[in-house]
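Q: I would like a close look at one part of this model. Please take me through it step by step.

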Amino acid sequence: MKGSCQILPQEDRHPRCGPRLVAAIILGLTAAFDSSLTAEVEAPNPYIARLGRIPDWSALDDYQNTITREEFTYLLNHCYARNGEEEYHDLIRIDRDRALILKQSNHPAAGWYDLRFQTESLISSTPKRFWRKPTEMDDLPPNSTRPLEGVCIAIDPGHIGGKWVTWDDRHFTIGQDTIEVREGEMVLAVANILKRDLSLLGAVVLLTRDGNYPVTTDRVDTLGEEARAYLISRNKVPSSGAIASTAKAMFAISSEIRARSDLINDEFKPDLALCLHFNASPMNMRRPSFQSPNHLHLLINGCYSRGEIQEDDTRFEMLLRILQRVYYEEVELSDAITRPMKSETRLPSFSYDGTNGMSINGNDILWARNLLANRVFMCPVVFFEPYCMNHREVHARLQAGEYSGLREFNGVYRKNIYQEYADGITAGLVNYFRARR
Ligand SMILES: [Zn+2]
């Protein structure tokens with residue numbers, strides 16, 4: 001399963017954050033007993049995301065003088081801050097020649113990180129990053145049958161599967177004598193088809209998981225202390241029920257995705273990552289039933305709320321994406337994939353109301369949203385949400401499995417749903433790289 005596209009020396013590794021919150025609290029307690037560290041005693045525990053790590057702001061030193069004030073402000077306001085300056089005004093201050101970034105949002109005494117802008121007198125430099133744009137890859141010979149030659153693609157089949165499905169709600173059964181719908185296993189089927197097809201086109205394909213098991217070594221019963229610390233940091237009562245439900249979400253979502261991000265950022269170092277999911281319409285999970293909506297959308301990272309930018313690690317990760325100019329690559333790549341994806345799936349677009357997702361370029365299938373995976377995988381990420389699993393026709397197609405050839409559904413002959421999903425992506429990637437290499 002593991003591999004790497006480029007061997008980089010240790011010091012070129014992805015900028016890492018510091019200890020997790022429990023470790024920070026222990027450090028804080030140690031400081032409390034040391035009278036020489038009076039200043040430390042007064043500092044509150046940092047406000048960070050679930051299982052997030054305290055950022056090492058010096059990792060931004062590599063990006064000094066690499067972005068102009070105009071570009072920094074454009075990216076921040078256009079794609080990242082949901083409603084522009086009101087989301088970040090006392091957390092990020094934009095001066096004439098620098099941005100000042102508050103290091104600890106609940107403790108201004110910790111100071112500001114000083115990011116100097118590139119001025120016109122300086123030659124434009126490529127920001128430090130492990131991923132490559134297509135223009136930085138070898139040119140393709142004319143009429144090449146391997147348009148993805150050498151492109152390193154990480155595929156992240158969302159959720160888990162197998163006996164682990166019970167840790168989140170992405171599984172259900174509708175009807176008598178039907179196969180249970182399990183999103184984690186379905187996306188793994190799509191990932192395996194993509195691995196085969198993209199490899200034939202020359203790509204180096206690495207999966208974050210190749211079976212129905214967790215990547216993280218944490219388990220619900222090892223996350224109790226982390227869950228308690230998190231609840232306290234959010235001013236919530238750490239009752240046994242709250243600790244249990246927080247530990248469960250920490251395992252299935254936070255810890256699992258962060259373990260996969262360590263694989264992607266420290267081992268795979270891919271040129272792009274594809275996060276595979278199936279969608280579902282809201283329903284009563286105690287009595288699953290068919291719902292009428294069925295649609296398609298793709299996501300790129302963006303649309304941060306003030307509460308999210310207040311988290312020190314989230315603010316740091318958002319800035320890394322801005323400084324690496326991930327946005328342009330994500331938009332162009334996603335645009336190229338939406339067209340074949342739409343014609344393969346024949347699905348209408350889905351829309352957000354502008355709160356947790358926002359439109360960024362007029363493509364009705366493409367939205368910006370801040371999810372853990374598309375924030376912490378530090379390369380261009382395309383996040384897929386096609387098909388509603390609890391739509392009657394989709395459910396019937398899932399029951400039919402991975403058949404070969406075509407089968408009729410509601411008067412239309414269709415490929416199996418997994419191949420159709422993969423074909424939309426493959427065609428989009430081929431179009432994208434052919435046009436740019
Ligand atoms: Zn999903």
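Q: How near do the axes of helix α4 (residues 183–200) and α12 come, and at roughly what angle do they cross?

A: Bear in mind that this is a predicted model. The axes of α4 and α12 come within 9 Å. They cross at roughly 40°. That angle makes α4 oblique to α12. The crossing of these two helices is right-handed.

Now look at the residues that meet. From α4 come Ala 189, Val 190, Ile 193, Leu 194, Asp 197 and Leu 198. From α12 come Tyr 418, Gln 419, Tyr 421, Ala 422, Ile 425, Thr 426 and Leu 429. Sorted by class, the contact of α4 with α12 has ten nonpolar, two polar and one charged residues. An α-helix has 3.6 residues a turn, so residues three or four places apart point the same way.

Helix α12, residues 417–436, also meets α9. Here the axes come within 7 Å and cross at roughly 140°. The two helices are therefore oblique to each other. α9 passes α12 in a right-handed crossing. On the α9 side, the contact uses Leu 333, Ala 336, Ile 337, Arg 339, Pro 340, Met 341, Glu 344 and Thr 345. On the α12 side, the residues include Glu 420, Asp 423, Gly 424, Ile 425, Leu 429 and Tyr 432. The residues of this contact divide into nine nonpolar, four polar and four charged. Ile 425 and Leu 429 of α12 are listed in the contact with α4 and also in the contact with α9.

Finally, follow α9 itself. Helix α9 covers residues 326–345, which is 20 residues. From its first C-alpha to its last it reaches 27 Å, close to the 28 Å expected at 1.5 Å a residue. α9 bends by about 25° at Thr 338. A proline, Pro 340, follows within four residues. Pro 340 is also one of the α9 residues in the contact with α12. After α9 comes Arg 346, with a positive phi near 55°.

Conventions
Residues numbered from 1 in each chain as written. Predicted model: local features only at pLDDT ≥ 70, side-chain atom pairs only at ≥ 80, totals over all residues. Expected span 1.5 Å × (residues − 1). Bend = angle between axes of the 7 residues up to and from the residue. Axes fitted to C-alpha atoms, helices over the stretch in contact; angles between N-to-C directions. Parallel < 35°, antiparallel > 145°, perpendicular 65-115°, else oblique. Left-handed = near helix turned anticlockwise from the far one by under 90°. Contact = placed C-beta atoms within 7 Å. Nonpolar A, V, L, I, M, F, W, Y, C, P; charged D, E, K, R; others polar.
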